[in-house]
Amino acid sequence: MNIIDTGERPTTKESASPKLKRVQCLTDLSEDQIRAIRAIPAHEAAKPEPINERRPAAMFTAAERFELEQKNVFRKRAVPVTLSAMLPEKNSYFPHDGYGVPIVVTRDQNGQVHAFLNACMHKGSKVVEGCEARKGKLMVCPYHAWSFATDGRLIAVPREESIIGLDKSNRGLRELACKEAGGIIWVMLDPAAEPDFGGMDQQLIKDFEALDIPRMEVYGRKTFELEANWKLVLEPFLEGYHVTRLHANTVGPMFPDVPNANEILGLNVRQLQGKVNFTPEGLDVEGENIHKSVTFSYIVFPNLVVITSPYYISAMYIMPKAANRSTVEYIMLTRQEADNEKAKELYSKSYDMVLNVFGNEDFRAAEISQQGLSTGALDDVIYTGLEAAIPAYYRLLESHFS
Ligand code: FES
Ligand SMILES: [Fe+2]
């Protein structure tokens with residue numbers, strides 16, 4: 001596993017955002033989140049439904065399946081590519097190669113988000129290199145310095161008088177359909193495909209609004225290059241079966257060995273897990289940080305994982321690279337900048353802990369699963385009743401292949 005630490009830390013927002021409450025209580029959540037939390041049974045009553053679910057091992061190893069997913073999902077629908085928090089300021093831009101198509105996501109002078117193919121309209125060079133978000137009114141191509149505004153317009157061409165018939169208004173960056181809601185930015189990666197933003201479920205967006213995701217800040221960001229199929233990386237975030245086992249020496253003791261409650265929001269999955277300290281009666285204790293007793297984890301279709309914690313939110317983009325390779329971009333979001341030593345230490349310890357748990361435990365499990373499945377020992381994999389959200393999610397994915 002190869003880890004690239006971008007060393008990125010928060011940028012200060014241009015305009016003062018409304019002060020966020022450091023702690024969220026049950027009543028701060030959306031009506032539907034509250035309903036779902038109130039439906040979590042006491043641990044003694046939470047019994048897994050036995051299920052009969054298998055999937056072919058080849059879905060994690062075959063190049064044909066990888067191609068099919070690229071064609072029918074990642075190039076056909078708008079996919080989540082980054083968070084609003086990565087572009088908190090007007091006139092900022094962020095180059096992104098994670099999906100195998102070089103793009104640049106921008107926030108223009110009016111605060112509107114755009115996405116473009118990252119190809120200069122002179123001779124095609126990438127206009128913005130690297131993988132860091134930057135501030136600036138102009139994106140200047142490193143090759144011959146044609147410059148483009150953050151809304152994609154071609155602004156300046158050195159020695160323009162030497163070109164016959166150049167109309168700058170026809171030579172802006174090639175724009176991709178793009179939408180921002182609930183703190184997430186979705187992009188259509190194929191400029192020729194009919195835009196399909198059907199994955200942006202309204203309830204999902206309400207949930208993310210209630211969780212404050214659009215107003216949170218990037219605390220840290222880290223990229224992991226993994227030798228594993230993207231779905232093997234996703235699976236541990238769709239089940240609690242492994243938690244007390246794989247994470248026995250880290251976060252395991254915080255969770256009971258009971259099934260997640262999960263619901264489908266359009267194409268997206270919302271899971272809820274009461275922690276060991278959870279009781280239905282405890283929900284009504286006033287002023288209590290709800291994220292101390294309940295964990296939400298979402299799969300934003302098809303590949304973004306969002307997990308709540310008492311003082312931060314984790315977002316992970318799991319990007320397929322080949323049948324047996326993927327890139328994960330982990331982003332930790334915090335409600336407000338750490339303004340005292342205690343908060344600084346809390347954020348820093350949380351960041352190290354979460355990278356250790358995901359990197360050395362969940363991602364390692366994905367890599368060793370890939371190694372084992374590649375031997376051909378299994379024709380199929382089996383899911384338990386404690387992993388029922390995985391086949392539920394696969395049915396959403398498989399609906400794109402029929
Ligand atoms: S290729 Fe960009 S300015 Fe020439
Ligand atoms: Fe895990």
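Which residue in β11 does A115 stand opposite? A115 faces L176. Let's see where that pair sits in the protein.

**Reading the model**

What you have here is a predicted model, in which local features need pLDDT of at least 70, side-chain atom pairs count only at pLDDT 80 or more, and totals for chains, interfaces and linings use all residues. Residues are numbered from 1 along each chain as its sequence is written, while chains are lettered from A and ligands numbered from 1 in the order in which they are written.

The score called pLDDT is the predictor's confidence in each residue, from 0 to 100. The protein averages 94, and 95% of the residues score at least 70. Residues 1-18 are another story: their pLDDT is below 50, although the stretch has 33 contacts in the model beyond near neighbours in sequence. A contact here means two C-beta atoms, placed from the backbone, within 7 Å. Where pLDDT is low, the predicted coordinates should not be read in detail.

Strands are DSSP runs of E with at least two residues, helices are runs of H or I with at least four, and both are numbered from the N terminus. Two strands pair if DSSP finds at least two bridges between them. An open sheet of 5 strands runs in the order β7-β4-β5-β6-β11, with antiparallel pairing. β7 (134-135) and β11 are at the edges with a single partner strand each, so one side of each has no neighbour in the sheet.

β5 (residues 103-107) and β6 (residues 113-117) are antiparallel and joined by 5 bridges, whereas β6 and β11, also antiparallel, are joined by 2. The β5-β6 hairpin has 5 residues between its strands, and there G111 takes a positive phi near 90°.

Here are some facing pairs:

| Residue | Stands opposite |
|---|---|
| I103 | L117 in β6 |
| T106 | H114 in β6 |
| A115 | L176 in β11 |

**A loop residue**

V157 is in the loop between β10 (154-156) and β11 (175-176). Is V157 buried, partly exposed or exposed? A residue is buried if 20 or more other C-beta atoms lie within 10 Å of its own, exposed if 12 or fewer, and partly exposed in between. V157 has 18 such neighbours, which is why V157 counts as partly exposed. Leaving out residues up to four places away in sequence, V157 touches W146, L166 and K168.

**Two domains**

The domain bounds come from an automatic or database domain assignment, which gives domain 1 (2-72 + 199-398) and domain 2 (89-187). Their centres, taken over C-alpha atoms, are 32 Å apart. Where they touch, domain 1 provides 18 residues and domain 2 provides 12 residues. On the domain 1 side, α3 (202-210), β19 and β20 (325-334) give two or more residues, with α3 giving the most at 4 residues.

**The core**

A nonpolar core is a set of buried Ala, Val, Leu, Ile, Met, Phe, Trp, Tyr and Cys residues joined through C-beta atoms within 7 Å. The largest one has 95 residues, and V187, V233, I299 and L333 touch the most other members. Strand β19 (residues 312-322) contributes the most, with 7 residues. Domain 1 and domain 2 each supply at least three residues to this core. Skipping residues up to four places away in sequence, V233 touches L226, A228, I318, S326, V328, F363 and A366.
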